[in-house]
Amino acid sequence: MTDTSQVRINGQRLWDSLMEMAQIGATDKGGCNRQALTDLDKQGRDLFVKWCEDAGCSISVDEMGNIFARRPGNNPELPAVLTGSHLDTQPTGGKFDGVYGVLAGLEVVRALNDAGIETEAPLEVAVWTNEEGARFSPAMIGSGVWAGEFDLDYAYARADKEGKTFGDELARIGYKGKVPAKPRPLAAAFEVHIEQGPILEAEQKQIGVLSGVQGMNWYDLTLIGQPCHAGPSPMEIRRDPFMGLHKILDQLYKLAAEQGPWARATFGDIRVEPGSRNTVPEKLVLAVDLRHPDQQVLDSMDQRFREIAATVAEETGLEHDIRDEWRSPAVAFDKSCVEAVRASVADLGYSNKEMVSGAGHDSVYISRVAPTSMIFVPCEKGLSHNEAENAEPKDLEAGANVLLHAMLKMANNAE
């Protein structure tokens with residue numbers, strides 16, 4: 001078998017490709033606004049397809065608009081080793097979120113072509129549709145339908161704020177393919193991504209070796225009291241939802257601290273009714289986001305949240321309700337894929353840290369039907385979903401090299 005230990009990706013070519021793609025949907029503040037199934041998304045897809053065809057790949061597009069660029073292997077009967085991410089962005093997105101994982105996969109293909117290296121199993125680079133969920137909710141719906149999490153008709157019926165549907169827009173931009181959006185055998189799936197958090201940069205580590213993704217529970221907590229006038233109503237007789245809220249928040253923050261360092265409690269949205277400055281509100285609705293990489297711990301946090309809300313509501317004379325908005329169970333990545341990443345990092349000599357992802361990625365759904373793992377690289381100040389998002393070329397190159405060697409190990413069935 002050909003010695004592949006010295007093969008490396010071309011870091012400058014990877015950077016140049018990222019910068020060229022970033023021109024599509026470029027914003028005045030240096031970021032990208034290339035939302036799913038817009039004309040700009042089509043331009044980005046078209047450029048990716050051209051690059052892949054130039055690199056000798058065959059292209060297929062499924063019913064969800066997921067793109068698969070395939071580099072043949074010596075044994076076409078073997079299941080492919082897949083990598084990829086997404087090209088769509090947030091309205092105030094950056095140059096690297098998602099797109100780095102796509103173009104790092106393309107750079108793996110280009111580097112192997114340059115080196116004249118053939119793999120036993122085919123390699124594929126995927127672009128998953130609408131990972132961000134910025135235009136069409138929910139997020140990760142392209143990989144979600146492919147993995148069987150969502151129904152195709154449900155996905156097609158998702159509408160944006162203007163009432164345009166996912167299915168119509170997919171057809172409009174010419175990416176409503178005919179290949180069934182269903183899982184098929186894969187030897188492995190890898191996704192390389194900027195961390196979107198500050199840990200690697202703070203610890204001066206170049207690579208994150210991902211063992212899984214945090215479990216995530218979203219809720220709407222409703223507290224109902226009694227509206228009354230802000231002036232004449234004594235504090236001690238009020239049934240004020242905010243009096244209950246501050247106690248609940250305090251206990252949930254303490255709960256997250258008790259389950260640290262990986263527990264998360266976030267309250268990202270609040271609304272009150274009637275919403276008058278001089279009236280104690282009757283109703284308060286709070287968005288609650290609880291996360292932990294250990295599903296048993298997350299389940300216990302869920303139970304404690306319900307107990308806290310019930311106890312506080314009783315103490316403060318409030319009615320309460322908890323509505324489950326979304327649950328994404330904790331993901332443990334495939335051990336053989338994680339080991340392929342770990343071994344590649346060791347071979348290449350990069351500083352690294354074993355970690356879990358705090359954010360959701362397409363790999364969450366892919367991992368349900370195929371052996372999967374992820375690779376992280378640092379991003380400046382942990383900033384993402386922001387036009388100022390930035391990453392160092394040397395770190396992007398390092399992550400792509402780890403991806404290259406992890407894919408080679410799995411494609412050639414290396415130990």
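Predicted model: local features only at pLDDT ≥ 70, side-chain atom pairs only at ≥ 80, totals over all residues.
Started with Cys52: it is buried, at a relative accessible area of 1%.

A disulfide needs the two sulfur atoms within 2.5 Å.

Then I looked up Cys32. Its relative accessibility is 1%, so Cys32 goes down as buried. How far is the closest cysteine sulfur from that of Cys32? I find it in Cys379, 15 Å off, which is too far for a bond. I also ran the search over the whole structure, and the disulfide count came back as zero.

Moved on to the helices. I took H1 as residues 11–22 and H2 as residues 39–54. Their axes sit 10 Å apart, and the packing angle is about 150°. That angle makes H1 roughly antiparallel to H2, since anything over 145 degrees is counted that way. I noted the handedness too: the crossing of H1 past H2 is right-handed.

Which residues make the contact between H1 and H2? On the H1 side I listed Ser17, Glu20 and Met21. On the H2 side I have Gly44, Leu47, Phe48 and Trp51. Sorted by type, the residues of this contact come out as four nonpolar, two polar and one charged.

Technical notes: Residues numbered from 1 in each chain as written. Heavy atoms only, no water. Axes fitted to C-alpha atoms, helices over the stretch in contact; angles between N-to-C directions. Helix = DSSP H or I, 4+ residues; strand = E, 2+ residues; numbered from the N terminus. Parallel < 35°, antiparallel > 145°, perpendicular 65-115°, else oblique. Left-handed = near helix turned anticlockwise from the far one by under 90°. Contact = heavy atoms within 4.5 Å. Nonpolar A, V, L, I, M, F, W, Y, C, P; charged D, E, K, R; others polar. Buried < 20%, exposed > 50% of the residue type's maximum accessible area, 1.4 Å probe, protein only.
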